[in-house]
Amino acid sequence: MPRVNPPDPRLLERRRRIAAQIRAARLHANLSQQDVIGRTGMDRSAYQDVEAGRTSPLLDNLLRISDAIGVPLSDLVREESGQP
């Protein structure tokens, strides 16, 4: 089995920022996690892990989440200038 290196701390921080943006967009749209889960067809624990920043979402799931919330994908993954 190949050795898996732990994620770089900078990547973890970026993942957490994206997770926070997903949560903020969901709350701004007055949607519950269950609303988004129902609209995306994602597994509950998988969505919760994405929103908590515990896992890296697949691009397909990010697209589903942006559609479910009703925001452009770029709003969910936008980084402020000067951030890595």
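Visitor: What makes the pairing of the E51 side chain with the side chain of R26 a polar contact?

Guide: In this predicted model, the side chains of E51 and R26 are 2.7 Å apart, and since a polar contact requires a pair of N or O atoms within 3.5 Å, the value of 2.7 Å meets that cut-off and the pair is counted as a polar contact.

Visitor: Which residues does Q33 touch, leaving aside its neighbours within four places in sequence?

Guide: With those neighbours left aside, Q33 is in contact with R26, Y47, Q48 and E51, where contact means heavy atoms within 4.5 Å. For Q48, which is 15 residues from Q33 along the chain, the separation of the two C-alpha atoms is 7.7 Å.

Visitor: How do you know that the buried residues of α4 line one face of the helix?

Guide: In α4, residues 59–69, the buried residues are N61, L62, I65, S66, A68 and I69. Viewed down the axis of α4, these buried residues fall within an arc of 165 degrees, so they line one face of the helix. The face turned away from that buried side carries the exposed residues L59 and D67.

Visitor: What do the buried residues of α4 pack against, and what follows the helix?

Guide: The buried residues of α4 pack against α1 (9–28), α2, α3 (44–51) and α5 (73–77), while the helix itself is followed by G70, whose phi is positive, near 90 degrees.

Visitor: What makes up the lining of the largest pocket?

Guide: The largest pocket has a volume of about 200 Å³, and L11, L12, R14, R15, I18, S56, P57, L62 and E79 line it. Helix α1 gives the largest share of this lining, with 5 residues, and the lining divides into 5 nonpolar, 1 polar and 3 charged residues.

Key. Residues are numbered from 1 along each chain as its sequence is written. This is a predicted model: local features need pLDDT of at least 70, side-chain atom pairs count only at pLDDT 80 or more; totals for chains, interfaces and linings use all residues. Side-chain values use heavy atoms; hydrogens and water are left out. Buried means under 20% relative accessible area, exposed over 50%, partly exposed in between (1.4 Å probe, protein chains only). Helices (H or I, at least four residues) and strands (E, at least two) are DSSP runs, numbered from the N terminus. The arc is that of the directions from the helix axis to the C-beta atoms. On a 1 Å grid over the protein atoms alone, a cavity is a set of points where a 1.4 Å probe fits but cannot get out, and a pocket is an open set with protein on both sides within 12 Å along at least five of seven lines; lining residues have an atom within 4 Å of a point. Grid points are joined across faces, edges and corners, and a volume is the space filled by probe spheres set on the points. Ala, Val, Leu, Ile, Met, Phe, Trp, Tyr, Cys and Pro count as nonpolar, Asp, Glu, Lys and Arg as charged, and the others, Gly among them, as polar. A polar contact is a pair of N or O atoms within 3.5 Å; within protein, one must be able to donate a hydrogen and the other to accept it, and residues adjacent in sequence count only if both atoms are side-chain atoms.
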